[in-house]
Amino acid sequence: MSQAEFLINITQYQQPFFNALAALFTFVGNEEFYFLIVPLVYWCIAKQAGFRLFYIFLLSVTINAFLKITYAIERPIGTEGINSLYIESAEVGSHYPYDSFPSGHAQGSTTLWGYLAYLVAKPLFLVFSIILILCISFSRLYTGLHWPTDVVIGIIVAVIILIISIRLQDKISKLSEKVKWTLAIVTPLLIVAVFPEEEGVKYAGFLLGAGIGYLFEYKKVRMIISKKVWRKTAAYVVGLVGLFALQVGLKVLLPEMLVFDFIRYGCIGLWGLLGAPYLFVKLHIYKKDYETTIPSEHLSV
């Protein structure tokens with residue numbers, strides 16, 4: 001059975017209830033949802049785990065965009081016999097519709113929920129994460145937006161990224177502060193050099209702002225996440241308001257050029273990892289760690 005025949009068979013079973021479920025899983029795999037869940041970990045649960053999740057996830061998204069543009073495989077949208085739903089969720093890339101391989105939803109959800117499952121380290125949460133990943137991935141086939149190989153390879157790429165990242169993260173934490181600063185600055189610049197497309201420039205800016213922000217926060221702000229739910233909620237709301245205000249405001253103020261996209265996303269990353277924590281402390285939502293003094297060579301990442 002060809003991939004086209006496989007999708008024709010699946011999409012013929014589309015009906016309102018399953019369409020609604022597919023819409024939900026599509027949202028859970030969208031950029032908007034990631035904007036909600038990733039900051040939650042950093043602002044409200046654990047800074048180090050949140051930063052690692054953010055960086056690993058952004059690297060995965062960058063690799064996904066690079067592969068999409070490199071292979072330039074056309075999506076099944078418009079293929080005779082395949083009924084595609086929620087096409088707007090696929091029209092976000094700069095090279096649409098030649099951006100089918102690999103699936104961003106499959107790779108992104110596997111990276112996010114796979115790493116969260118690693119952090120939580122509970123069998124029940126692992127089962128939940130696997131089911132959610134499979135549901136999100138299958139929804140891309142059910143809606144006729146991806147070929148089966150797009151989904152399978154997306155999951156495989158994410159698993160490889162997770163394995164490498166988890167094995168390297170503790171080693172990176174033991175590096176000197178100078179090396180960490182070098183990595184935080186050089187890595188995004190290398191991405192721009194290798195991948196000078198719209199997506200590459202935006203994600204590189206994001207990584208640069210976030211990397212610098214995290215290192216400065218650890219040295220100067222030293223936010224302590226409160227155990228009280230109301231304080232976590234207040235921090236999350238304040239942080240999101242600032243995040244979306246920057247996203248919308250800078251888009252209005254800055255011209256539509258790649259260099260300004262780099263600056264805009266850099267500012268958003270800087271806000272999320274440094275600006276928001278600084279404001280949380282200034283507003284007395286969270287306290288500052290005045291007691292612990294950690295030598296530069298032990299700066300944790």
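This is a predicted model: local features need pLDDT of at least 70, side-chain atom pairs count only at pLDDT 80 or more; totals for chains, interfaces and linings use all residues.
**Exercise 1. Is Asp150 buried or exposed, and what does its side chain make a polar contact with?**

Step 1. Find the element. Asp150 is found in helix α7, residues 148-173.
Step 2. Read the accessibility. Asp150 has 0% relative accessibility, so Asp150 counts as buried.
Step 3. List the contacts. Leaving aside neighbours within four places in sequence, Asp150 touches Ser100, Phe101, Pro102 and Ser103.
Step 4. Compare sequence and space. Gly104 is 46 residues from Asp150 in sequence, yet the C-alpha atoms are 8.7 Å apart.
Step 5. Look at the side chain. Asp150 makes a polar contact with the side chain of His146, at 3.2 Å.

**Exercise 2. How many salt bridges does the structure hold? Work through three of them.**

Step 1. The count is seven salt bridges.
Step 2. Take Lys219 and Glu177. Their closest N and O atoms are 4.0 Å apart. This pair links distant parts of the chain: Lys219 is in helix α9 (residues 198-221), Glu177 is in helix α8 (residues 177-194), and they are 42 residues apart. Lys219 is partly exposed at 32% relative accessibility. Glu177, at 15%, is buried.
Step 3. Take Lys202 and Glu198. Their side chains meet at 2.8 Å, N to O. Both lie in helix α9, four residues apart, about one turn of the helix. Lys202 is buried at 15%, whereas Glu198 is partly exposed at 32%.
Step 4. Take Asp289 and Arg222. The closest N and O atoms are 3.5 Å apart. The pair links distant parts of the chain, 67 residues apart: Asp289 is in the segment after β2, Arg222 in the loop between α9 and β1. Asp289 is buried at 18%, and Arg222 is buried at 13%.

**Exercise 3. Which residues have the most contacts inside the largest nonpolar core?**

Step 1. The largest nonpolar core has 64 residues.
Step 2. Those with the most contacts inside it are Trp43, Leu112, Trp113, Phe280 and Tyr286.
Step 3. Follow Tyr286. Beyond neighbours within four places in sequence, its contacts include Trp43, Met223, Ile225, Arg231 and Phe280.

Definitions and conventions: Residues are numbered from 1 along each chain as its sequence is written. Side-chain values use heavy atoms; hydrogens and water are left out. A nonpolar core is a set of buried Ala, Val, Leu, Ile, Met, Phe, Trp, Tyr and Cys residues joined through side-chain atoms within 4.5 Å. Buried means under 20% relative accessible area, exposed over 50%, partly exposed in between (1.4 Å probe, protein chains only). Contact means heavy atoms within 4.5 Å. Helices (H or I, at least four residues) and strands (E, at least two) are DSSP runs, numbered from the N terminus. A polar contact is a pair of N or O atoms within 3.5 Å; within protein, one must be able to donate a hydrogen and the other to accept it, and residues adjacent in sequence count only if both atoms are side-chain atoms.
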